[in-house]
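Here is a short note to read with the model open beside you. Please take the points in order and find each place in the structure as you go.

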Amino acid sequence: MKVLFLTIGQMEDLNSPSVHVDIVRELKKRGHEVSVLSTREKRLNKDTEFASEQGVKILRLRIGNLTKCSFIEKGINMVLLEGKFKRAIKKYFSNAEFDLIIYNTPPITLAGAVKYVKKKFGCKSYLMLKDIFPQNAVDLGIMKTTGMHGLLYKIFRKKEIALYKVSDKIGCMSKGNIEYLLKNNNYIDDKKVELFPNAVFSESVCETKDGGKDKRLLAKYGIDKDDLTFIYGGNLGAPQGLQFLESALKHIQAETNCKFIIVGSGAQKESFYGSMREVKNVVLLDYLPYDEYRALCKACDIGMVILDYRFTIPNYPSRMLSYMENSIPIFACTDKNTDVRELVEEQARCGKWCYSNDVQSFSDTVLWFKNNRDRLKELGENGRRYMEENFVADKNIAKLEKFIYNKE
């Protein structure tokens, strides 16, 4: 099949694994023709580029800033995306043929572009629902639903509904996502929705399946090989509830032989790092190349997932995949509405969970890991096994093939 993939994810290097790149690589592996419309934010100071790489036609479209900018600037640029994407498709893909258009959230502002593609090419549409906006902004107090401040919410909510309606199929990351979507959008036919979790490129899974944990790398960062090491890698922003994480790490800083490695970026990175610099058992690192991060992740004992306690929507962080892929247990510190707890403690049996508004529970969970070091290998292997059975990209591509070839 011929596929057009729309995403605001940056695809500067198709050899650098990510949730979005892995979908492209898996589609190519299975013999499909893939075209991609990705983005380059203005702050990166790069022009629009249209190229063919590894058999993939990829348009890197210059757009306004969506990250490392004010909420107002981000909101305006999100609204403008629809027109930019539509014009780009007309200019660069007007002579193409497509059987399927796939796209993910964020953003939720592409309904017009998707509708245009469906009409022009007569193709089907598939939404990969990665987050639920604008409700997630409401949960965090960034947006309100009433009064004058509710106007922006109403605009985005209308666009969200339009995106759901123009989508022929909606793939959700977890059962909790599916239940939430259907409960809060009763116009959506439940047959239109299916499970489509974040997943890893199958060949990458094979590459990471090797034994042993080499802790010598930790010395590079001033960490003793006998320390119990927790690692967090990913976004540092409002969704992570960093005030709680700051309080929790300071509360347990006197605990010896435990180290917390933070490898992050995001809107709140500088303020968070500033507050953590004097905490002795916290190691703060800037961006690491993928291979170096993967090696560090594999050398650590436990991977951390952090989400703000106020969320009412069931988020399902992709960060868990790197931990499971590298056979390390997961310490999930989240709200009570996500089904991450069920995944970690019941389905995969690969770690422990605590509520992300309970500092004492955080400390107790850290001590549980410390007192059960003999179980870490088993937990890590459980996570790896569960990932191989449930979170490998070829299973998702098979769902797309089933959808497009009418094999429902």
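**Notes on selected sites**

1. Start with Thr312. Setting aside residues up to four places away in sequence, Thr312 touches Gln135, Asp139, Tyr180 and Asn337. Keep in mind that this is a predicted model. Thr312 sits in the loop between strand S12 (302-306) and helix H11 (319-325). Tyr180 is 132 residues away from Thr312 along the chain, yet their C-alpha atoms are separated by 9.3 Å. Is Thr312 buried, exposed or partly exposed? Its relative accessible area is 37%, and Thr312 is partly exposed. Buried would need a value under 20%, and exposed a value over 50%.

2. Now look at Thr334. This residue lies in strand S13 (residues 330-334). Thr334 has a relative accessible area of 0%, so it is buried. Which residues does Thr334 contact, leaving aside its neighbours within four places in sequence? They are Val305, Leu307, Val340, Trp353, Cys354, Tyr355 and Ser356. Of these, Val305 belongs to strand S12 (302-306). Trp353, Cys354 and Tyr355 belong to strand S14 (351-355).

3. Next comes a pair of helices. Two packed helices are described by the angle between their axes and the distance between the axes. Helix H2 (residues 71-92) packs with helix H3 (residues 111-121) at an angle of about 25°, and their axes are 7 Å apart. Angles under 35 degrees count as roughly parallel. H2 and H3 are therefore roughly parallel to each other. On the H2 side, the contact is made by Glu82, Phe85, Lys86, Ile89 and Lys90. On the H3 side, Ala111, Gly112, Ala113, Tyr116, Val117 and Phe121 take part. Sorted by class, this contact has 7 nonpolar, 1 polar and 3 charged residues.

4. Turn to helix H1 (19-29). Of the 11 residues of H1, 9 are buried, so H1 is largely enclosed by the rest of the structure. Which residues of H1 are buried? They are Val19, His20, Val21, Asp22, Ile23, Val24, Arg25, Glu26 and Leu27. Charged residues are on that list, including Asp22, Arg25 and Glu26. After H1 comes Gly31, with a positive phi near 90°.

5. Check the cavities. How many cavities of 30 Å³ or more does a search of the whole structure find? The search finds 3.

6. Helix H1 (19-29) and helix H15 (393-404) are the elements that give two or more residues to the lining. Here the classes are 6 nonpolar, 1 polar and 1 charged.

7. Look for cis peptide bonds. One runs from Thr105 to Pro106, with omega near -5°. Pro106 is in the loop between strand S5 (100-105) and H3. Another cis bond joins Phe133 and Pro134, with omega of about 20°. Pro134 is in the loop between strand S6 (124-129) and helix H4 (135-139).

8. Finish with positive phi angles outside glycine. Asn45 is not a glycine, but its phi is positive, about 60°. Asn45 lies in the loop between strand S2 (33-41) and strand S3 (49-53). With a relative accessible area of 65%, Asn45 is exposed. Arg349 is not a glycine either, and has a positive phi of about 50°. Arg349 is in the loop between helix H12 (340-347) and strand S14 (351-355). At 48% relative accessibility, Arg349 counts as partly exposed. Exposed would need over 50%.

Conventions. Residues are numbered from 1 along each chain as its sequence is written. This is a predicted model: local features need pLDDT of at least 70, side-chain atom pairs count only at pLDDT 80 or more; totals for chains, interfaces and linings use all residues. Side-chain values use heavy atoms; hydrogens and water are left out. Axes are lines fitted to C-alpha atoms, for helices over the stretch in contact, and angles run from 0 to 180 degrees between N-to-C directions. Helices (H or I, at least four residues) and strands (E, at least two) are DSSP runs, numbered from the N terminus. Angles under 35 degrees count as roughly parallel, over 145 as roughly antiparallel, 65 to 115 as roughly perpendicular and the rest as oblique. Contact means heavy atoms within 4.5 Å. On a 1 Å grid over the protein atoms alone, a cavity is a set of points where a 1.4 Å probe fits but cannot get out, and a pocket is an open set with protein on both sides within 12 Å along at least five of seven lines; lining residues have an atom within 4 Å of a point. Grid points are joined across faces, edges and corners, and a volume is the space filled by probe spheres set on the points. Buried means under 20% relative accessible area, exposed over 50%, partly exposed in between (1.4 Å probe, protein chains only).
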